[in-house]
Amino acid sequence: MNRHKGFSLIELIVVMSIVAVLGTTLVLNFRSSATNTAARHQVAFTVSSDLRRAQSMAVSGSGHQGTPACGFGLHYVSPTRYQIFAHILGGASCGMKTYQPGDPIIETKNIQNSAMSFKESFADVYFELPYAKAYLGGDSDPSQAPVTIEIVVTGEVAGTVLSVHQSGKIDVTN
């Protein structure tokens, strides 16, 4: 009878292999999750920057290609594309507070990361000159809920949310 106490070399190697495999899996999953979060935040901050750009153009009284404007906004085009648009002073769309076909497009933006997209379409966000009064989906009612723009990894349920409030405040939350 062998009365040695302790573990055999084989038992130690098997346990160490199992711990190594589990550790590697955990690290890879954590790294993937952190990468997705960072990528979502990068897209969210780009969209937020473009919202602030439209807001700044409205506050500064900018025009579009030398023509006076009455406002600027963001318009959803597809799950990976949106546009910054202008309403030209004196044009038919000046009374409208949403994108209208024929409005000048300042820039069309694509989400650069192919794994990211907007979870769903969002209402137009429009800032009217001269004080950048915000219109969400064409409405300026102060009791209106904020417009939410959610960026997700394609196929996932939860993502990073931008909230645009009637006051013009823009929040980014995980």
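1. A pocket here is an open set of points on a 1 Å grid over the protein atoms alone, where a 1.4 Å probe fits, with protein on both sides within 12 Å along at least five of seven lines, and its lining residues have an atom within 4 Å of a point. The model is predicted, so local features need pLDDT of at least 70 and side-chain atom pairs count only at pLDDT 80 or more, while totals for chains, interfaces and linings use all residues. Residues are numbered from 1 along each chain as its sequence is written, and side-chain values use heavy atoms, with hydrogens and water left out.

2. The largest pocket holds about 150 Å³ of space, and its lining includes Ala-39, Tyr-82, Lys-109 and Asn-113. Helix H1 (9-60) and strand E4 (105-110) each contribute at least two lining residues, with H1 giving the largest share, five residues.

3. There are seven aromatic pairs in the structure, a pair being rings of Phe, Tyr or Trp (its six-membered ring) with centres within 6.5 Å, edge-to-face if the planes are over 60 degrees apart. Tyr-76 and Phe-122 make an edge-to-face pair, at 5.5 Å centre to centre and 75° between the planes. This pair joins distant parts of the chain, 46 residues apart, with Tyr-76 in strand E2 (residues 67-78) and Phe-122 in the loop between strand E5 (116-118) and strand E6 (125-128).

4. Tyr-76, Tyr-82, Phe-118 and Phe-122 form one aromatic cluster.

Conventions: Points joined across faces, edges and corners; volume = space filled by probe spheres on them. Helix = DSSP H or I, 4+ residues; strand = E, 2+ residues; numbered from the N terminus. Phe/Tyr/Trp six-rings, centres within 6.5 Å; stacked < 30°, edge-to-face > 60°.
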